[in-house]
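Load the model in your viewer and keep the selection panel open. The tour goes through salt bridges and then pockets.

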Amino acid sequence: CLLLPPEGIDRDWELLKGVPRAAGFTPDAILRMSDLHKREIGLPDNVMNQAALVVVHERLRRFLEQKALMNIEYLPVTIINHKRRVASREYVIVHAVEPQDCLDLSKSGATFSGIIPADVSHVDDLVIDPGRIDRALRMFRIKRFGYPMIVERTLSQEILQAGFTGVMFVELSEYGK
């Protein structure tokens with residue numbers, strides 16, 4: 001299925017900014033299945049959504065927790081189906097806090113937001129500077145450019161080898177192409 005942006009989450013934009021949210025996160029957070037895709041009701045381990053969030057089933061959450069990933073929160077959500085009924089309460093948003101200031105602005109061809117001038121709204125190419133990334137992090141977001149979630153190569157291979165459904169990784173050089 002395809003999920004719509006979250007409902008019931010105050011300041012949901014903070015999820016792309018890396019603002020810690022685990023303390024006091026609402027138990028009423030929901031993600032609805034898109035009515036534009038009424039026949040698509042499957043819930044894989046990683047669910048595609050319109051909000052650029054990482055929404056995963058408890059199976060994938062447990063796998064990630066075993067990796068003891070730094071700066072990751074798991075925020076519980078309820079998924080609502082097309083008939084407005086609960087489809088599952090076994091999903092979480094994988095929320096990376098402490099985004100890394102690693103985007104090479106000039107090489108990326110960054111376009112800044114007209115609304116929040118310090119934020120990047122688009123890149124021609126996604127080029128990051130590995131020297132500006134905390135080496136202990138295996139999953140993170142980019143500071144001032146919340147899209148996409150960056151996953152260290154070895155971790156991405158481990159996830160794929162474990163056979164989780166709905167998972168796809170894109171090379172940085174292919175991002176947005």
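A salt bridge here is a side-chain nitrogen of Lys or Arg within 4 Å of a carboxyl oxygen of Asp or Glu. The model is predicted, so local features need pLDDT of at least 70 and side-chain atom pairs pLDDT 80 or more, while totals for chains, interfaces and linings use all residues. Residues are numbered from 1 along each chain as its sequence is written, and side-chain values use heavy atoms, with hydrogens and water left out.

**Salt bridges**

Select Glu14 and Arg21: they form a salt bridge, with the closest N and O atoms 3.2 Å apart. Accessibility classes are buried (under 20% relative accessible area), exposed (over 50%) and partly exposed (in between), with a 1.4 Å probe and protein chains only. Glu14 is buried at 8%, and Arg21 is buried at 9%.

Next, select Asp125 and Lys177, a salt bridge whose closest N and O atoms are 2.5 Å apart. Asp125 is in the loop between β8 and β9 and Lys177 in the segment after α4, so this pair ties together parts 52 residues apart in sequence. Helices (H or I, at least four residues) and strands (E, at least two) are DSSP runs, numbered from the N terminus. Asp125 is partly exposed, at 35%, and Lys177 is exposed, at 61%.

Then select Glu152 and Arg138, which meet in a salt bridge at 3.0 Å, N to O. The whole structure has 15 salt bridges.

**Pockets**

A pocket is an open set of points on a 1 Å grid over the protein atoms alone, where a 1.4 Å probe fits, with protein on both sides within 12 Å along at least five of seven lines; lining residues have an atom within 4 Å of a point. Volume is the space filled by probe spheres set on the points, which are joined across faces, edges and corners.

Select Pro148, Met149, Met168, Phe169 and Val170, which lie nearest the centre of the largest pocket, among its 45 lining residues. The volume of this largest pocket is about 1300 Å³. Elements supplying at least two lining residues each include β3 (46-49), α2 (58-66) and α4 (153-161).

Finally, select Trp13, Leu16, Lys17, Asp119 and Tyr147, nearest the centre of the second largest pocket, which is lined by 23 residues. Two or more of these lining residues come from each of α1 (14-17), β8 (120-122) and β10. The second largest pocket has a volume of about 430 Å³.
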